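The sequence and structure come next.

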Amino acid sequence: MTTTSPPPLRPRSRPFGRALCAMVTPFTEEGLLDLDGAQRLAERLVSEGCDGLVLSGTTGESPTTTDAEKSALVRAVAEAVAGRASIVAGIGTADTRHSVRLALEAEKAGADGLLAVTPYYSRPPQDAVEEHFRTIADACGLPLALYDIPGRTGTRIEPETMVRLAEHPRIVAVKDCAYDLLGTQKVLAATELAYYTGCDEYVLALYAIGGAGYISTVANVMPRHFRSIIDAFDGGRTGEAARLQQHAIPLTELMMASGLPGTVTTKALLNALGLPAGPVRAPLRPAGRETVDGLLTAYSAMAGVAAG
């Protein structure tokens, strides 16, 4: 009986690196943009293993920052990291024209790539979703990552739409928060799109089936730990990679699945650790004392594992 081996995984590009952090946007106690804090936080993240930073995404409170603040943040962080990490600017809005303007401004400010979320609230059909992303990609010279997060936007980027969009030379990646590994695998098999998980609990799972890496919120506080998961996997130490992913579960659950937005819990923990973050902007509200104590306990336990 003759058996045939499955074809090897095709080498897949990683246009923005492997280990990306969805960085918070630090504010002063008065609620103003804290560019010095942003530079200090970016420097720490890069020195601790992040080879890409995503600015003005969900974690970066993009709905409550102005266009001018978004551009200033890109310029400041690009200056701080000085080419040691890619800078991906979130430019997604519910308005195609507005997203195009943000894309052009991000390019001028020094971004290396763009992240555009599916238009939210209006819930456009798939042909309109496709046209939205093509319009952005046509307008700017930077590579574009599509942000698929239907739980927030109300609209999925269907796998068939992804496959068509992959034909555009500047649409190169996906931030995947759709919680549909079957759909993801269909697109991975049919395209060269670089898939980054945006769900911290799926870092290893997506990477193991051909993903390019992750865009992590929890990496704001534990960047080296999340980098160690994919480093272990790349080194053939799959059991170690699994254990590292499992060790992150308690902190990940508290930060991302406790009923509070990840921005709130991330800033609460960063502030408690004396790192740049500051307050969240309304309508978000800060975490309470009990939540902060729980986050610190989980963080300390995870840090102890890392030290061990």
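## A buried ring and its partner

Phe16 counts as buried because its relative accessibility is 3%, where buried means under 20% relative accessible area, exposed over 50% and partly exposed in between (1.4 Å probe, protein chains only). Tyr196 is buried too, at 1%. This is a predicted model, in which local features need pLDDT of at least 70 and side-chain atom pairs count only at pLDDT 80 or more, while totals for chains, interfaces and linings use all residues. Residues are numbered from 1 along each chain as its sequence is written, and side-chain values use heavy atoms, with hydrogens and water left out.

Rings of Phe, Tyr and Trp (its six-membered ring) pair if their centres lie within 6.5 Å; planes under 30 degrees apart count as stacked, over 60 as edge-to-face and the rest as tilted. The count by this rule is 4 aromatic pairs. One of them is the tilted pair of Phe16 and Tyr196, with 6.4 Å centre to centre and 35° between the planes. Phe16 lies in the segment before strand E1 (19-22) and Tyr196 in strand E7 (residues 194-197), so the pair links distant parts of the chain, 180 residues apart. Helices (H or I, at least four residues) and strands (E, at least two) are DSSP runs, numbered from the N terminus.

## A pair between two helices

Tyr207 and Phe233 form an edge-to-face pair, 5.8 Å centre to centre with 70° between the planes. Tyr207 belongs to helix H8 (residues 203-208) and Phe233 to helix H9 (residues 223-234), 26 residues apart. Tyr207 is buried at 4% relative accessible area, whereas Phe233 is partly exposed at 25%.
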